[in-house]
Amino acid sequence: MRAALLQLNVTDDPLANLPVTRDLVVRAASQGATFVLTPEVTNCLSSSRAHQNDVLRPEDEDATLAGLREAAAAHGIWLLIGSLALKTDDADGRFANRSFLIAPDGMIAARYDKIHMFDVAVSETETYRESAGYRPGERAVLAQAGDVALGMTICYDVRFPALYRTLAQAGAEVLAVPSAFSPVTGVAHWESLLRARAIETGSYVLAPAQTGVHSATHGRERSTYGHSLAVSPWGEVLADGGEAPGVIMVEIDPEQVAEARARIPSLGLDARYSGPEAI
Ligand SMILES: O=C(O)CNC(=O)[C@H](CS)NC(=O)CCC(=O)C(=O)O
């Protein structure tokens, strides 16, 4: 299976972002990709809750979801929409950060709501409180994308290795980590975290990312790290998207998963200890 990772520089205007993203999906399909993956918040990157309230829609009215489902059907591809920011009917008005797997007929095959919220002080001047705007999911999701078993995760989830171990032990061969990583933590941690998840699970890790300075009509401008990454089950970087928006391609071979797990059988062994015993 040939997979394509889209690297995007979305704005806070969903209707302006959609045609740009759709063009890249079409480009990837025309280059032979049968599985295309987009980053976190493919529809809209915004730091203004008021603006999000104006432009975000519930799932059944979201133009990005509708437009990309059409594109998947038109080209007969599997499409992972890394995530969409969506309105929910929650009383507290929080959004969902939801990933969608779209089948080649355009139907929604799976949904995953981001579990771990990015509530972090990256530095003294840069803090995030994702849980103020988004409500966390509570379910890990394993989906079938054609011949490939896919573990669905998002961005900050990558720092919680137990989730990836659970997905791989349940059968995942490819782990998706669509992201909008901060530049500060990106340069320090991004590649190491993704390679570690691949190595310790013997899985492909596919991490399409947002990149660059995201122009915003409301609120503060945000920047993201880029470097969309595809990692083999042995931990090798197969492709790196650099800093520009675009498409990177990678070949997925389930045999490589079996081979990595045969060489290092750590995934099949669970803790043989109790404790820790506090001395
Ligand atoms: O805010 C939105 O609309 C969309 N969500 C994001 O961009 C999220 C939360 S701010 N970003 C991350 O999780 C980055 C994680 C990261 O950078 C790290 O783990 O170091």
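**Figure 1. Strands β3 and β4 run antiparallel and are joined by six bridges.** This view comes from a predicted model. Strand β4 covers residues 96-102, and seven of its seven residues are buried. Which residues of β4 point one way, and which the other? Ala96, Arg98, Phe100 and Ile102 point to one side. Asn97, Ser99 and Leu101 point to the other. In a regular strand, side chains alternate between the two faces of the sheet. Both groups in β4 are buried.

**Figure 2. Strands β4 and β5 form a hairpin.** Strand β5 spans residues 108-113. Five bridges link β4 to β5, and the two strands run antiparallel. Isoleucine 102 has isoleucine 108 in β5 as its bridge partner. Five residues lie between the strands. In this turn, glycine 106 has a positive phi of about 90°.

**Figure 3. Six strands form an open sheet in the order β5-β4-β3-β2-β1-β16.** The pairing is mixed. Strands β5 and β16 (246-251) stand at the edges. Each has a single partner strand, so one side of each is left without a neighbour in the sheet. From one strand to the next, the twist averages 20°. Where is the pairing parallel? Strand β2 (residues 35-37) and β3 run parallel, with three bridges between them. There, valine 36 has leucine 79 of β3 as its bridge partner.

**Figure 4. The largest nonpolar core has 75 residues.** Which residues touch the most other members of this core? They are Val36, Leu79, Leu194 and Leu206. Strand β3 (residues 78-86) gives the most to the core, with seven residues. Take Leucine 194 as a close-up. Leaving out residues up to four places away in sequence, Leucine 194 touches Val158, Val177, Val205, Ala207, Leu229 and Val231.

**Figure 5. Another open sheet has six strands in the order β8-β9-β10-β11-β14-β15.** Its pairing is mixed. Strands β8 (141-145) and β15 (237-240) stand at the edges. Each has a single partner strand, so one side of each has no neighbour in the sheet. Neighbouring strands are turned by 20° against each other on average, direction ignored. Strand β9 (residues 148-152) and strand β10 (residues 174-176) run parallel, joined by three bridges. Methionine 152 has alanine 176 in β10 as its bridge partner.

**Figure 6. Strands β14 and β15 form a hairpin.** Strand β14 covers residues 229-231. Three bridges join β14 to β15, and the strands run antiparallel. Valine 231 has valine 237 in β15 as its bridge partner. The hairpin has five residues between its strands. Glycine 235 takes a positive phi near 100° here.

**Figure 7. Around the ligand there are 15 residues.** Which of them come nearest? Phe118, Cys155, Tyr156, Ala180 and Thr185 do. By class, the shell has nine nonpolar, three polar and three charged residues.

Notes: Residues are numbered from 1 along each chain as its sequence is written. This is a predicted model: local features need pLDDT of at least 70, side-chain atom pairs count only at pLDDT 80 or more; totals for chains, interfaces and linings use all residues. A nonpolar core is a set of buried Ala, Val, Leu, Ile, Met, Phe, Trp, Tyr and Cys residues joined through C-beta atoms within 7 Å. A residue is buried if 20 or more other C-beta atoms lie within 10 Å of its own, exposed if 12 or fewer, and partly exposed in between; C-beta atoms are placed from the backbone. Helices (H or I, at least four residues) and strands (E, at least two) are DSSP runs, numbered from the N terminus. Two residues are in contact if their C-beta atoms, placed from the backbone, lie within 7 Å. Two strands pair if DSSP finds at least two bridges between them. Axes are lines fitted to C-alpha atoms, for helices over the stretch in contact, and angles run from 0 to 180 degrees between N-to-C directions. A residue is near a molecule or strand if its C-beta atom, placed from the backbone, lies within 6 Å of it. Ala, Val, Leu, Ile, Met, Phe, Trp, Tyr, Cys and Pro count as nonpolar, Asp, Glu, Lys and Arg as charged, and the others, Gly among them, as polar.
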